[in-house]
Amino acid sequence: MTGHVSIRLASERVNHSVSSSNVLPRFYTPGEVITGTQDFMRGHGTYAEDDCLKSSVAGVMQKVNKLICIRPLKSRYVGEIGDVVVGRILEVQQRRWKVETNSRLDSVLQLSSVNLPGGELRRRSVEDEQMMRMYLQEGDLISAEVQSLFSDGSLSLHTRSLKYGKLSQGTLVKVFPSLIKRRKNHFHNLLCGVSIIIGNNGFIWISPLMQDLMIEESKDEINNYESQSVSKSDREAMARVKNCILALVASKMMLDDTSIMFAYEESLKYDSVKDLLDPEAMLDIAFLTQHKINNIMDE
Amino acid sequence: MPGPDLLSSQGLRLDGRRPNELRRIRCKMGVFTQPDGSAYLEQGNTKVLAAVYGPHQAAKSKSSTEGVVVNCQYSMATFSTGERKNRPRGDRKSQEMSLHLRQALTAAIKTELYPRSQIDVYVEVLQADGGAYCVCVNAATLALIDAGIPLRAYACACSASMAWHGGQPEPLVDVGHVEEAAGGVVLTVASLPSTENIALLEMSHRLHMDYFDVVLSRAMQGCRDIEVILDKAVREHLAEGWTKEDVVTI
Amino acid sequence: MWTSKTFLYKTKRGNILKIVREHYLRDDLLCGSGACKTCPHKDDEIVLMSQAESICALFDYPHYLVLDTNVVLHQIDVLEEDALTNVIILQTVLEEVKHQNTAIFQRLLEIIGNKRRKFYSFVNEHHKDTYVERNPGEKQNDRNDRAIRRAVAWYEAHLSINRVNIESPRVVLLTDDENNRKIAQDEGIICCSVKDYVENVNGFPGLVDKLSKNVIPENCSKDALYPAHLTPTQIHAGIRNGKLYQGIFHASRDNFLEGSVVVNAFEKSILLQGHIGINRAVDGDTVAIEIFPEEEWRKPSDIVLEDKSEDPGDLLEEETVLLKSTKTNSNDEVTPTGKVVGIIKRKWRQYCGILMPSRLPGATRHLFTPAEKRIPRVRIETRQSDVLASQRILVALDSWPRNSRYPLGHFVRALGPIGDKDAENEVILLEHDVPHARFSEAVLACLPPNDWTIPKEEINKRVDLRPICICSVDPPGCTDIDDALHARRIKGTTDDGLKKYEVGVHIADVTYFVRPNTALDKEAASRSTTVYLVDRRIDMVPDLLSSNLCSLRGGEERLAFSCVWEVDENANILSTKFHKSVIKSAAAMTYEEAQIAIDDESRKDEIASSLRVLNSLAKKLKRRRLDNGALLLASPEIRFQVDSETHDPVEVQAKKLMDTNSMVEEFMLLANISVAQRLAAEYPQCALLRRHPAPPPVNFVNFLKAARQQGFELDVSTNKSFSKSLDEAVIPGRPYFNTLLRIMATRCMQQAVYFSSGTCAQEDFYHYGLACPIYTHFTSPIRRYADVIVHRLLAACVGCDVTHASLLDNKAADALCDNLNYRHRQAQYAGRASVALNTHILFRNRVEIESAVVLAVKRNALQVLIPKYGLEGPLYLPSDKFTYNDEEHVQICGKVILKTFDELTVRLSLDSSNLQHRKLIFQLVKPYVPDFSYKVEDMDVEFVEESDLPQKIEKKRKGTEAKLSKKSKKK
């Protein structure tokens, strides 16, 4: 790969902060005493020692009645039932797949939790077990939903809906899970001809629009779809979305369809998608997006 | 008197510090996007990058149901010292350093929270000018905090040495390369200053018992001073990265 | 709490290395001036007076002085005078001085430490306003000069801002660098040369004499006598490409035109001859030399040559005498020869000596003759020559320009009249670097009160040995008694049915009083040993301890460190224990008294029986030791009988040795060995031990040759065989021959040295002379610091005391050993010099004819020893009468053949013709050589004879060198 690479001095780096508020909340840092009394319940990011409740992470306090939690700025994904996640198959095991979902333990996708060709209510046979790798093999990306939590904190996933399943013909962006806004819907078809899946675990899947393809397709056609080429304009749009997400992430802005769409719109003033990787452009986009969001909020 | 002249007759050290002064500390958290947490820290001319991955599923061989496994890797860049030298990872010195690093960090991390998980800490010394271990511990602490990994308290490390001033023993905090090379004793302490716990204690030469306490307390004071500086840096980092959504109460 | 200021890099470029160092600049450094109102001084931090009165006529307003580096380096003697005060020493200067000359640096620190002198050291290098960065291409020196100027300017500005009234002080820069002065003037800084300043100082008349005459030696090319030295860069390049060699120059004692340099690349040392060859090198300097091609190599001359007594002006005299005598042919004896081309580092110190006033009345330039023969004469300038001519004086060297025959120096201080014993002793002490100042207040403050008695609780802590009959045996007149002994029968027998005895050696517990890291301890460590001069003792610890509280005097309760053995009657050790104790010596005896007590069979008292046991055990111990191969070496030892009033010696006699001498010695050896074993086991890294390396075979070559001439083949392969063959080498009828052999054997030995057990391999611990695998010094803590350390180590390992840091520190132990060895050696030399001095006084009014023996045969002299006095010196032989055979080392004149070990009769007298330089003269009486030997009949016309002796032959060694060896190998 040839081309111009710009490397700048650390001192000339762009400060990406887009402050949304001047009032700072109270921050807690590890080892700091939150409260001395026993009246509170110990939540995430806290621990009790010497009759005191202390913080174990650096972040802000969240208080629900008597439960005190400290939420760090970023951490690994902590799953909740119903979350939409994007994950990667790590391993094929006995009647289950191991899936990497950016949580602290690998997630599990049971063979019984996937839709297999030939009807939803079909019994799993021994053949199916032997065919597992045919459906999903190591390295495949899937979208799924958190079905339940195991006692050790690891997640059990399911893909028993048409909108979940194997992903192809797209690009994955990994962001910190804390930047993902929880929404009802995490599947969005953007107006620009790109569809995205914003996984709660911080994995974002960008692909060409595919609603027309997905409806009642036979398996063969899906295969075709995989081998279909994506037009250049689609690819450019995808890249632009991706760069917009990166710009927002660099400024630590929350991600949802609105912010991404706003960012996309703002990015259009840059002709070349490549230009969006320029730190100043990224800041510009983030700043304008924040501005737009603020406007909406004010309204 | 034992040891070379590390203190001038005016009570200043070779680089102009007083015996109880740390070197200048500058740091930045979240320097990488790829790892879960990362930090850059420089203490004087010793500069270190630290990256933390995890906690994530532990490799089967290491997995422990007791708690999280902390896996450290210490390495030095070829250009980190005056003489350019290829430094293979996993040479004896790095291995020892990795082990010591792990000891200090394990003491700080609330390991019991994450059974069957693993945390990888990679530290790379970009420039070594004395006290590399201490700087690594401090940088790794920042990276762990950046990764949102629960800690009991800050783990800070600081070194101290001994000099003579006017016939009286005078401990020196945060020993630089010149002072290290001068051959005096170097006591390295990794501790959780807010709990007064010591996680690791190492000494390079023999030191008489009579002076041990003063040197140790000087090193501990150094740890506390470093903690204050780190804490300030963490708060600044939080203020910078903070978004409104964070305070939304669930 | 901590403030890190603007932060700058200091870069040093080596070959590839780029070293980046931090350099913190601060804003909390004080100016130290009383006139300043801004710096937050505490009262004790103000050093410079607000009203600094001027003593210099050039500047009639109050001012502070700032010194340039070269001023400190060259004019330290001026600074040490109490004249200049209110001086600012910049850190830049301090560091440069430290780098260039540690001795001067120490002296400067001393001055700064003296509160009354008001010298303030200002850390300009770390001050935010006075730090200057080196510009690209700027030389380090220029940068430092600039830093100094910046600091001066800052001070001036700083003080003027704070100027409370008009009278607040200005700042004056003293520098001898013209260039610097010029730039400074341009920058508006008041400056002045030291010479101008000092010459205009009022009220300190002697100050001008101390001005150093530092001319830049290589610049005086006009009328140059000497070739120029190479520049440091040239030398460096020369050494790198192998054309030049580096080494330390050693001037010859006997011949002022000869010297040698030991160079790593050559086995033999490099010979340097003549003024040009030596080219202004002074003994001890590190020099760069060039080596001549092999055909120009010469042989060291055997002649003794002394600088002429008159001042020849700046001319180099003919060197034919030297060159002629060295033209020899035998190739095997030529040594590599070369010449000095540059001086890498001078090692000049202050030298004692006498002034040789110029003949011209009123002249200010005079010659100075140092007492040390290796040092050339020095030209100094003084206006007090009349006073100083009869004094011993101390002079410092300044420089040696190319056009000067002699180096230039300046007068430092007078020591006292020549011939005055105190002045002469002072010379001995100074020349041997013996610290002999009175104990400081801080040291005396560490002492217990005069009426100190042993506290109760101390007695309870110790083993109470007061009821036991302990006694001490020492030479007569000894006041620092550090050892006492006891022996008694104990119950039971060994398995073999042998009787059992308990034997104790009790050593004064000096460490009870000398606590680690006190001023007293540091002073004792620095002195390392008590120095014994004939009429004076320079104590290691103050008198109260050495002669009273630590001295194990008879009938007094004293603290002791005891080593107690159980032995059987064959003197085999059954058990050993060490403990601190309280003792009460029953009697402090002399060797003679003890001997009488043993011999007098009518005495049945406890002391006598104890002594008898000790004596018999000692004999068995000695026998066993000798069987192991210990060497019995001899050295001529004499005692002066001193006039009770004048303290002048009136008579000498060889020391008498009695059984009791060796009795005490055996037990001391035993104690030392026992302690050494214990220490080595307890402290593998830092035990203080003493070893005596086996002498290399080459040391024996001349000795064996001489012994062979007398018909003896000595076996020197091991100490055991050597000891045996020495015992057998006896000539019936010549009882002194065997002693003489042993005296000469002693001279072949290496020096025994202290060392720390960590620095040496176990097998090198061996003590050759004593034939024991391990040894240390434990028994004389009052007079040797080594013993103090050994006491502390032992006390710590038997649980009586705690260790302290430097005791267990390898490096500290090593440094300590170096100092101990150095001081020990210097003390020996000083002792010998003192004996020589007293011998001179003894012979002041007498002439004696004595029998003598030849110790060595030289080209133009015989080295003879007079056994009665233990006196040694050269007997010069004229070359027109004697021929020297260098194969056999004999001198031949007709039928008379003189060789080593021959017995002669000589006439001894003192040459007082030169009052300032007395020397002993040996003249041959028998065998008779016509026209040379002295005729005994002429005895009554003593001093007239002196003038007959041709001056040429009577070039004599100076008195202090007449060797009179004291006990050098024992213990």
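In the predicted model, A:Ile198 has A:Ile204 of β17(A) as its bridge partner.

Chain A as a whole contains 6 helices and 17 strands. Of its 299 residues, 34% are buried. Where contacts in chain A link residues at least 6 apart in sequence, 61% of them join residues at least 24 apart.

Chain A touches chain B through a contact made up of 33 residues from chain A and 34 residues from chain B. On the chain A side, the elements that supply two or more residues are β6 (59-64) and β7 (67-72). The largest share of that side, 5 residues, is given by β6(A). The composition of the chain A side is 14 nonpolar, 10 polar and 9 charged residues.

Chain C contains 25 helices and 37 strands. Buried residues account for 41% of the 971 residues of this chain. Among contacts in chain C with a separation of 6 or more, 69% are between residues 24 or more positions apart.

Strand β16 (residues 391-399) of chain C pairs with strand β13 (residues 350-356) of chain C through 5 bridges, and the two run antiparallel. Within this pairing, C:Ile354 has C:Arg392 in β16(C) as its bridge partner. β16(C) is also joined by 8 bridges to strand β17 (residues 408-417) of chain C, again in an antiparallel arrangement. Here the bridge partner of C:Ile393 is C:Ala414 in β17(C).

Two helices of chain C, α17 (residues 591-599) and α18 (residues 606-627), pack with their axes 9 Å apart and at an angle of about 95 degrees. Angles of 65 to 115 degrees count as roughly perpendicular, and α17(C) and α18(C) are therefore roughly perpendicular to each other. On the α17(C) side the contact consists of C:Ala594, C:Ala597 and C:Ile598, which meet C:Ile607, C:Ala608, C:Leu611, C:Arg612 and C:Asn615 of α18(C). By class, this helix contact comprises 6 nonpolar, 1 polar and 1 charged residues.

In soluble globular proteins, nonpolar side chains tend to be buried together. The largest nonpolar core in the model has 178 residues, and those with the most contacts inside it are C:Ile289, C:Leu614, C:Leu617, C:Leu688 and C:Val864. Helix α24 (residues 810-842) of chain C makes the greatest contribution to this core, with 12 residues. A second, separate core has 87 residues, among them A:Phe27, B:Cys136, B:Ala147 and B:Met162.

With neighbours within four places in sequence left aside, C:Leu688 contacts C:Tyr754, C:Ser756, C:Thr776, C:Ala786, C:Ile789, C:Val790, C:Leu793, C:Ala813 and C:Cys817. C:Leu689 lies in strand β28 (residues 688-691) of chain C. C:Leu689 counts as buried because it has 26 C-beta neighbours inside 10 Å, the threshold being 20 or more. Again leaving aside neighbours within four places in sequence, the contacts of C:Leu689 are C:Ala676, C:Ala680, C:Phe755, C:Ser757, C:Phe765, C:Ile774, C:Tyr775 and C:Thr776. C:Thr883, which is 194 residues away from C:Leu689 along the chain, has its C-alpha atom 49 Å from that of C:Leu689.

How values were computed. Residues numbered from 1 in each chain as written. Chains lettered and ligands numbered in written order. Predicted model: local features only at pLDDT ≥ 70, side-chain atom pairs only at ≥ 80, totals over all residues. Contact = placed C-beta atoms within 7 Å. Helix = DSSP H or I, 4+ residues; strand = E, 2+ residues; numbered from the N terminus. Nonpolar A, V, L, I, M, F, W, Y, C, P; charged D, E, K, R; others polar. Axes fitted to C-alpha atoms, helices over the stretch in contact; angles between N-to-C directions. Parallel < 35°, antiparallel > 145°, perpendicular 65-115°, else oblique. Core = buried A, V, L, I, M, F, W, Y, C linked by C-beta atoms within 7 Å. Buried ≥ 20, exposed ≤ 12 C-beta atoms within 10 Å, placed from the backbone. Pairing = 2+ DSSP bridges.
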